Amino acid sequence: MLITSEIVDLNTPTGVMRTYVHRPKHDGKVPAVLFYSEIFQQTGPIERAARFLAGHGYAVLVPEVFHELNPVGTVLGYDDAGRDKGNADKMAKDVQAYDTDNRAMIDFLNAQAWYDGNLGAAGFCIGGHLAFRAALQPEVKATACFYATDLHTNIIPNQPGQHSMERVNEIKGELLMIWGKQDPHIPADKRAELYNRFAGIPGLHYTWHEFNGQHAFMRDEGERYDAQLVNLGYQLTLQMFGNVLK
């Protein structure tokens with residue numbers, strides 16, 4: 001399937017948010033996926049992942065997650081400086097600002113002739129957490145979270161009652177949770193705590209997968225990339241999106 005890519009700048013209560021839109025190059029209506037990057041924003045690996053999903057029949061929106069804190073178009077490097085800046089940005093943005101970012105993208109989608117009204121979310125690393133956060137929006141029907149960081153911590157600023165896990169019982173769509181067993185950012189005991197919390201919520205529709213992989217195994221650059229796990233992750237994601245959004 002051929003795809004097309006464009007840039008849209010969306011107004012949010014916290015400033016203009018550049019959003020990259022990758023979608024099938026045809027005139028038909030398609031489902032959409034809000035796709036959240038790592039702390040580095042839309043790097044090459046994130047763009048390729050978004051275009052891969054778009055090539056399977058989805059309009060994929062990639063927002064600049066720290067748009068309030070960087071010049072428009074910022075891409076951080078996969079190096080110490082980029083990591084330090086991205087982590088500082090993560091600890092400077094209140095989690096509720098991501099909620100208004102989500103509303104801006106949903107409002108944009110609702111105005112597009114090519115959008116069929118079926119919405120999903122996905123993301124890697126902090127993007128896995130932000131996809132989980134997007135699942136709080138009632139329009140989001142299916143969400144794939146890859147090694148979602150900081151669900152088990154209180155690092156991301158939040159107001160009382162607004163920590164993402166405090167609101168997990170509000171999620172009505174389907175969740176796909178994928179983790180790496182060798183991920184030092186979400187150790188086994190913390191994954192177990194999250195699993196037990198999920199298991200204790202009546203009616204929460206989720207699947208849970210733990211692979212023998214490191215943090216960022218989906219990133220197709222660097223020594224942690226695992227092509228076999230990437231294939232498994234995409235198969236599970238596309239199966240869920242196909243079942244729920246199409």
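1. Which residues does Thr143 touch, not counting residues up to four places away in sequence? They are Ala121, Ala131, Phe132, Ala135, Glu174, Leu175, Leu176, Met240 and Phe241. Contact here means heavy atoms within 4.5 Å. Thr143 lies in strand β6, residues 140–146. Strands are DSSP runs of E, at least two residues; helices are runs of H or I, at least four; both are numbered from the N terminus. Thr143 is buried, with a relative accessible area of 1%. Buried means under 20% relative accessible area, exposed over 50%, and partly exposed in between, using a 1.4 Å probe and protein chains only.

2. A word on the source: this is a predicted model, where local features need pLDDT of at least 70, side-chain atom pairs count only at pLDDT 80 or more, and totals for chains, interfaces and linings use all residues. Residues are numbered from 1 along each chain as its sequence is written, and side-chain values use heavy atoms, with hydrogens and water left out.

3. Thr237 is found in helix α6. Thr237 is also buried, at a relative accessible area of 2%. Leaving out residues up to four places away in sequence, Thr237 touches Ala144, Phe146 and Leu176.

4. Now the core. The largest nonpolar core has 83 residues. Such a core is a set of buried Ala, Val, Leu, Ile, Met, Phe, Trp, Tyr and Cys residues joined through side-chain atoms within 4.5 Å. Phe35, Phe132 and Phe198 have the most contacts inside the core.

5. Helix α1 covers residues 44–54. Its buried residues are Pro45, Ile46, Ala49, Ala50, Leu53 and Ala54. An α-helix has 3.6 residues a turn, so residues three or four places apart point the same way. The buried residues of α1 pack against β1, β2, β3, β4, β5 and α6.

6. The largest pocket has a volume of about 300 Å³. Of its 17 lining residues, Ile39, Asn87, Cys125, His185 and His215 are the closest to its centre. A pocket is an open set of points on a 1 Å grid over the protein atoms alone, where a 1.4 Å probe fits, with protein on both sides within 12 Å along at least five of seven lines; lining residues have an atom within 4 Å of a point. Grid points are joined across faces, edges and corners, and the volume is the space filled by probe spheres set on them. Helix α2, residues 80–90, gives the largest share of the lining, 3 residues.
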